[in-house]
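The following note sets out points for a colleague who has the model at hand.

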Amino acid sequence: MDSKMQDFKFFIGMFPPSTFANDTCHMIPSFGNIGVIETNEGLVVFDIAIRQFAPRNFKTFRELTDKPIKYIIYSHGHFDHCFGFAPFIQEINEKGWDMPEIIAHENCIRRFNKYKMLDKYHEWLNSQQFASLSVGSQAQQETVSPHDTLPPTIILKGNDASYSFQLGGVDFELYHDMGETDDSIWLWVPEKDLICAGDLMVSSFPNVGNPYKVQRYPKDWAIAMERMMEKEANYLLPGHGRLIEGKKKVQDVLSITAEAMHFVHDEVVKRLNEGKWFEQIYHEMLEIYPEKFKNHEILQPLYGCYQFAIHASYRLYHGWYNTGNPTDLFPAKSEEIARELLAINPPEIYIQRAQTLFKEGKLQLALHVLDIILKGEDMVDPTLYLDALKLKYDIILEKVKVEPSFIAANIMNNGAQQIKTRIKELKKK
Ligand SMILES: [Zn+2]
């Protein structure tokens with residue numbers, strides 16, 4: 001198993017559970033993690049993970065405690081955090097226990113409604129984003145239906161929402177903040193010195209600016225981290241990855257994440273104020289990315305990455321016209337542009353140039369040049385077209401080898417698989 005896959009196994013929870021705070025709290029690693037807090041009146045469960053892992057998670061859960069669940073809190077409405085409830089609810093029904101309270105932010109309900117409206121789209125989108133994941137193939141076989149939700153019974157409303165309750169003499173404080181989503185809730189349990197963060201903390205550079213997904217909130221993310229820092233927690237239970245333990249370590253990961261989010265947001269804003277367009281901002285931002293972020297363990301681009309965060313910051317304030325070039329306002333089809341370029345120079349010239357760029361290690365430029373041939377297909381000899389496809393396939397695989405971000409690597413892998421299928425079809429002809 002290569003180190004990339006090993007990192008990702010941690011991300012999806014393929015490691016043993018943790019018990020902490022005098023055996024009263026547990027973290028069940030999954031996709032995403034489940035937090036369990038014991039009280040003498042029952043359990044508070046923070047997130048219930050993805051449906052596909054529910055049987056495994058329930059088994060682990062019942063090996064750790066036999067108490068009934070009194071509260072389930074949704075950190076946010078993503079599939080990997082609140083769709084894995086079935087065996088937990090089945091047990092409640094079988095034993096005739098009371099149904100637990102389900103706590104969520106009001107934007108989580110909006111999210112569920114959106115999933116229902118866009119169910120086919122999300123199915124397609126998630127099959128793209130998680131395509132190469134070994135559990136992804138299982139996940140794709142049985143797609144999570146957005147119609148199967150466990151509806152919240154306690155709903156936090158508004159931007160400054162908070163909610164607290166007591167169970168078995170233990171105080172639970174919930175806070176709403178935005179970051180990966182607009183429906184995030186995090187939990188502070190003072191007596192246990194514990195924060196459950198949901199995806200506001202994952203063992204990766206924050207997933208802000210995901211290429212497939214709606215707007216996310218880098219500045220609010222930084223603020224959420226700072227609000228968590230005020231608690232000086234000893235345990236930080238992340239949405240994905242290992243439990244973070246020790247006051248110093250917790251403060252460190254929160255503060256470096258806050259700093260990184262402030263940095264990417266503020267540097268993009270500064271450049272917007274300087275009248276710069278996206279391309280210039282993006283490439284300048286790549287140049288100035290500080291080493292301290294690059295090297296920090298918690299900011300490794302395993303899932304989200306810095307480049308995507310630049311997009312997120314820009315999109316917060318900018319429309320889709322992002323080049324400042326009037327040519328791009330009502331663009332022609334890219335195939336037509338390619339045909340014009342092929343009318344000027346024959347395809348051989350382009351493939352030779354792409355081969356040279358590939359040899360020189362300029363992989364991205366080689367791809368741009370190859371696309372001229374591939375988009376102008378009807379002007380290209382079939383054998384040469386096939387060569388161009390094969391070269392593109394090889395180049396993408398080279399890029400995947402060194403790409404740390406799971407999302408980015410998956411997008412490229414998907415593209416490569418589509419090319420492979422196309423090559424097979426063409427060879428049959
Ligand atoms: Zn998640």
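**Note on the model**

1. A search of the whole structure, which is a predicted model, finds one cavity of 30 Å³ or more. The volume of this largest cavity is about 40 Å³.

2. Which residues line the largest cavity? The lining is made up of Ser75 and His76, then Glu180, Thr181 and Ser184, and finally Ala197, Gly198, Asp199 and Leu200. Sorted by class, two of the lining residues are nonpolar, five are polar and two are charged.

3. Helix H2, residues 54-64, and helix H4, residues 86-95, have axes that come within 8 Å and cross at roughly 55°. H2 is therefore oblique to H4.

4. The contact of H2 with H4 comprises six nonpolar residues, one polar residue and two charged residues.

5. As to the chain as a whole, the secondary structure consists of 17 helices and 13 strands. The C-alpha trace spans about 80 × 50 × 40 Å along its principal axes. For 429 residues, a compact globule would have a radius of gyration near 22 Å, and the 24 Å of the protein chain agrees with this.

6. How much space lies in the largest pocket? The pocket holds about 1000 Å³. It is lined by 37 residues, of which Phe308, Lys399, Glu403, Ala408 and Met412 are the closest to its centre.

7. At least two residues of the lining of the largest pocket come from each of helix H10 (278-288), helix H12 (306-317), helix H15 (363-375), helix H16 (382-402) and helix H17 (406-428). H17 supplies the largest share of that lining, with seven residues.

8. Of the residues that line the largest pocket, 20 are nonpolar, eleven are polar and six are charged.

Terms used
Residues numbered from 1 in each chain as written. Predicted model: local features only at pLDDT ≥ 70, side-chain atom pairs only at ≥ 80, totals over all residues. Heavy atoms only, no water. 1 Å grid on protein atoms, 1.4 Å probe; cavity = no way out; pocket = protein on both sides within 12 Å on 5 of 7 lines; lining within 4 Å. Points joined across faces, edges and corners; volume = space filled by probe spheres on them. Nonpolar A, V, L, I, M, F, W, Y, C, P; charged D, E, K, R; others polar. Axes fitted to C-alpha atoms, helices over the stretch in contact; angles between N-to-C directions. Helix = DSSP H or I, 4+ residues; strand = E, 2+ residues; numbered from the N terminus. Parallel < 35°, antiparallel > 145°, perpendicular 65-115°, else oblique. Rg over C-alpha atoms; globule rule 2.2 N^0.38 Å.
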